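Please open the model in a viewer with a selection tool at hand.

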Amino acid sequence: MTETTGLLIPEYSSTESYYNTWESRIGYRVFLGGTRHFGYYEPGTLWPFPLTAALRRMEDHLHESLDLPPGAKVLDAGCGVGHVALHLAQKGLHVQAIDITPNHAMWAQQEIERRGMQDTVHAQWGDYHSLDFTDGVFDGVYTMETLVHSSDPSKAVSEIYRVLKPGGHVVFHEYDHIDVTKPPPGCPPSLVEAVARINTRSGMPGNQAFDRGVLHRIMEEQGFVDVTERDLSDNMRPLMRLFYVVAYLPYLLICLLGLQQWFVNTEGGVQGYRALKRGYWRYMVFTARKPAARKEGEEGDGPRQRRGG
């Protein structure tokens with residue numbers, strides 16, 4: 001494993017700082033057992049518990065979307081503490097996991113070794129803007145709510161395209177939203193300000209950039225074909241509602257004292273649910289594939305002219 005513990009990467013200082021705050025460490029541990037993504041529920045569900053089952057269902061949805069056979073080699077581009085990578089490895093995939101936060105990569109590898117799963121999954125420090133892998137090595141690549149932290153989504157998607165084998169599959173579980181520079185009538189200015197503050201304090205420049213259609217367009221520009229998107233907002237709403245209920249009263253006090261910038265998760269729980277409820281913010285799943293290599297004299301969907309990267 002790369003020896004980077006304690007290293008603070010300048011471009012990601014806000015992201016690493018966010019995950020190292022006491023609010024994030026306690027919140028992710030208490031509510032999600034250390035997992036760093038939303039859960040999956042049937043639409044209309046009111047009772048969000050047990051949370052662990054919902055988290056694993058979201059990971060099952062990702063596995064189904066990847067649509068790869070056992071033994072396929074996949075890249076987890078932003079593994080957190082490794083829960084998603086471990087779950088997919090248990091389903092038969094061979095997972096190489098990376099994370100920009102050194103502690104996350106270290107903790108993920110420690111958990112992998114604790115479970116004795118080193119043969120099917122490995123975690124190390126890595127940056128999806130500059131992947132340390134040769135071209136065309138992975139059958140699949142996925143992100144689970146991590147491109148939102150990208151400072152250059154086009155570059156990240158370009159690198160993901162590069163390391164995929166021809167015909168390989170990609171799945172992005174990410175967020176998108178309305179154009180916040182042109183909010184619809186009735187959208188409170190305080191909500192727009194809160195969203196900008198949340199993106200800044202939690203190191204999510206990618207999320208700030210992901211107006212509706214932006215990530216879809218980036219994927220096509222970088223050469224992916226058969227790009228699809230699915231809105232899972234109703235499926236993750238019960239967990240977002242829980243965050244809102246838990247955070248509401250503390251948030252009122254925080255606002256009274258003017259401390260919003262120090263409690264980004266509390267503000268995100270309240271304002272994020274409000275934005276979700278109004279339809280301003282969505283939880284999306286994007287799938288696509290890299291065009292298959294053409295044999296000589298064979299017609300097909302060869303690579304498009306790629307931009308950027």
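Begin by selecting Y142: leaving aside neighbours within four places in sequence, this residue is in contact (heavy atoms within 4.5 Å) with L62, L66, V74, L75, D76, A77, V84, A85, L88, V95 and V171. The model is a predicted one, in which local features need pLDDT of at least 70 and side-chain atom pairs count only at pLDDT 80 or more, while totals for chains, interfaces and linings use all residues. Residues are numbered from 1 along each chain as its sequence is written, and side-chain values use heavy atoms, with hydrogens and water left out.

Buried here means under 20% relative accessible area, exposed means over 50%, and partly exposed lies in between, with a 1.4 Å probe and protein chains only. Helices (H or I, at least four residues) and strands (E, at least two) are DSSP runs numbered from the N terminus. In soluble globular proteins, nonpolar side chains tend to be buried together.

**Helix 4**

Select residues 83–90. How many of the eight residues of helix 4 are buried? Seven of them are, and the helix is mostly covered. The buried residues are H83, V84, A85, L86, H87, L88 and A89. They pack against helix 3, strand 1 (73–77), strand 2 (94–99), helix 5 (102–115), strand 3 (121–125) and strand 4 (138–144). Just after helix 4, G92 takes a positive phi of about 110°.

Move to residues 233–257, helix 10, and centre the view on Y248. The helix bends there by about 45°, and a proline, P250, follows within four residues. The bend at a residue is the angle between axes fitted to the seven residues ending there and the seven starting there. Buried residues of helix 10 include S233, M236, R237, M240 and F243. What covers the buried residues of this helix includes helix 2, helix 3, strand 6 (225–231), helix 11 (264–277) and strand 7 (281–289).

Within helix 10, select L242, which counts as buried at 14% relative accessibility. Not counting residues up to four places away in sequence, L242 touches P48, F49 and L51.

In helix 11, select L276, a residue that is buried at 2% relative accessibility. Beyond residues up to four places away in sequence, L276 touches S233, M236, R237, M240 and W281.

**Aromatic rings**

The structure holds 16 aromatic pairs. Rings of Phe, Tyr and Trp (its six-membered ring) pair if their centres lie within 6.5 Å; planes under 30 degrees apart count as stacked, over 60 as edge-to-face and the rest as tilted. Select Y18 and Y28: their ring centres are 6.4 Å apart and their planes stand at 85°, so the pair is edge-to-face. Y18 belongs to helix 1 (residues 13–20) and Y28 to helix 2 (residues 22–32), ten residues apart. Both Y18 and Y28 are buried. Then select F31, F38, Y175, F243, W281 and Y283, which form one aromatic cluster.

Two charges sit over rings, meaning that NZ of Lys or CZ of Arg is within 6 Å of the ring centre and within 35 degrees of the ring normal. R57 lies over the face of Y41, at 5.5 Å from the ring centre. The charged end of K290 is over the ring of Y161, 4.8 Å from its centre.

Return to helix 1 and select T15, which is buried with a relative accessible area of 3%. Its side chain reaches the backbone oxygen of G203 at 3.1 Å.

Finish at H129, in the loop between strand 3 and strand 4. Is H129 buried or exposed? At 9% relative accessibility, H129 counts as buried. A polar contact of 2.8 Å joins its side chain to that of S150; such a contact is a pair of N or O atoms within 3.5 Å, where within protein one must be able to donate a hydrogen and the other to accept it, and residues adjacent in sequence count only if both atoms are side-chain atoms.
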